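The stops below go through charged pairs and then a surface patch.

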Amino acid sequence: MNNQEEYYQPEIETMPRKELEQLQVQRLKKTIEIAMQSPFYAKLYKEKGITPNTIKTINDISKLPFTTKEDLRNNYPFGLVATDMKNLVRLHSSSGTTGNPTVIVHTQKDLDNWANRIARCMYMVGVRNTDVFQNSSGYGMFTGGLGFQYGAERLGCLTVPAAAGNSLRQIKFIRDFGTTALHAIPSYMSRLYEVFVEQGLDPQKDTKLRTLFIGAEPHSDEQRKRIEEKFGAKAYNSFGMSEMSGPGVAFECKQQNGMHVWEDSFIVEILNPETLQPVPDGEYGEMVITSIDRDGMPLIRYRSRDLTRVIPGECPCGRTHKRLDRFRGRTDDMLILKGVNIFPMQIEKILMNYTQLSSDFLITLFTTGENDEMTIEVEINELISDRYEDLEKLNKAVTRALKDEILITPKVKFVEKGSLPRSDGKAVRVKDLRQKF
């Protein structure tokens, strides 16, 4: 693909790998210099004897210590700030339901770079300044809303900052304003479709939607395809994290075969979670990520806990930035049941193979006697038959498929449509009620 109009910043997006790595080394050295202005990195790097000159090649990043979420919490709120507080213009933080939240701060330059990355992402999948972009994501401390908002404005779209929830209003805006591009979390997209149907509307016929942006919570490719079929629009996977500004760290191109991580802004390592040594491209591991274009609060070798892999080979779209595969889950989302490691994404992947089942499900872990057990409640889209035998046959098929995937036999319970808890935020997929000894 050589059409320059396909690229927002062709000189960056198609930069030869050797030049891209040279740019990363240059920016990493500068980032270390900036980071050492913070109390946290100044103390840590002095103890380790680290300076910008520690970095000669991109592989020298392994000489730097990791940064963790605990480091952010232990140095709450501003122990990692690397500039004068008067230079900061925005703060975001996690919910912090227990203990200190994680706080991330930005200079105006940081925000400009972030908006530029989001604009690059949206442009990559065909959005232009003639589009109407509706943002059905939370604003406030949650980075998804403001990240896409400023990116869409940078691109020149007419933006509709609808925020999360109120599905009837969302649908009215989509239809009245001629929304062509919509951003929402995957579980809400499924709920929104239900409301369309309840109102006697078909989003394929009654809207102008053609581009969907989904992310912020783990979802399978099967769920993505189901969303595309319902809305008659392409749904592109987005990855971001508040510690790295927010959305726009990595994004799918039109090929929908992995998310290009913007390596002019980030250095990504995939490491074995146990040995913390690099794994080859194509092998899954924990993503460790370094920001290399932030002035307010750069993070170096941040352990994301996200499990993914680098997809080997070049992308047909012509972009040279590495592609990350769909995230399998997080090391801290992993469930251990009867000695078996299980990720909720594995369960969703199986459930989405059955068109009779909704995308809404809930995993409950509980203790019976001395044994830990698993129940999976999943909503039925519609009763396939009044005959008990047909539902029992479906239940047995789903249970068997789940056992083949996760190696234990869960109890599968079909529940009525709309009976599981709904949320405008990230979907709650697991309740762990096991007795702790």
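Begin by selecting Glu-194, which is buried, with a relative accessible area of 10% (buried is under 20% relative accessible area, exposed over 50%, and partly exposed in between, with a 1.4 Å probe and protein chains only). This is a predicted model, in which local features need pLDDT of at least 70 and side-chain atom pairs count only at pLDDT 80 or more, while totals for chains, interfaces and linings use all residues. Residues are numbered from 1 along each chain as its sequence is written, and side-chain values use heavy atoms, with hydrogens and water left out.

Glu-194 sits in helix α8 (residues 186–198) and Lys-417 in the loop between β19 (411–415) and β20 (430–432), so the pair ties together parts that are 223 residues apart in sequence. Helices (H or I, at least four residues) and strands (E, at least two) are DSSP runs, numbered from the N terminus. Lys-417 is partly exposed, at 34% relative accessible area.

Next, select Asp-221, Arg-224, Lys-225, Glu-252 and Arg-326. Salt bridges that share partners join these residues into one network.

Move to Glu-263 and Arg-17. How far apart are the closest N and O atoms of this salt bridge? They are 2.5 Å apart. Glu-263 belongs to the loop between β9 (259–261) and β10 (266–271), and Arg-17 to helix α2 (residues 17–35), so this pair links parts 246 residues apart in sequence. Glu-263 is buried at 4% relative accessibility, whereas Arg-17 is partly exposed at 27%.

Then go to helix α3 (residues 39–48), where Lys-43 and Glu-47 are four residues apart, about one helical turn. The two form a salt bridge, with 2.8 Å between the closest N and O atoms. Lys-43 and Glu-47 are both exposed. By the salt-bridge rule, the count comes to 25.

Finish on the surface with Phe-78, Met-85, Leu-91 and Met-141. Together they form a nonpolar patch with about 340 Å² of accessible area. Patches are made of residues with over 30% relative accessible area and no salt bridge, like charges being joined within 9 Å and nonpolar side chains (Val, Leu, Ile, Met, Phe, Trp, Tyr) within 5 Å; accessible areas come from the Shrake-Rupley method with a 1.4 Å probe, and for residues only the protein chains shown count as cover. Met-141 lies in the loop between β3 (132–135) and α6 (143–155) and is partly exposed, at 45% relative accessibility.

Definitions and conventions: A salt bridge is a side-chain nitrogen of Lys or Arg within 4 Å of a carboxyl oxygen of Asp or Glu.
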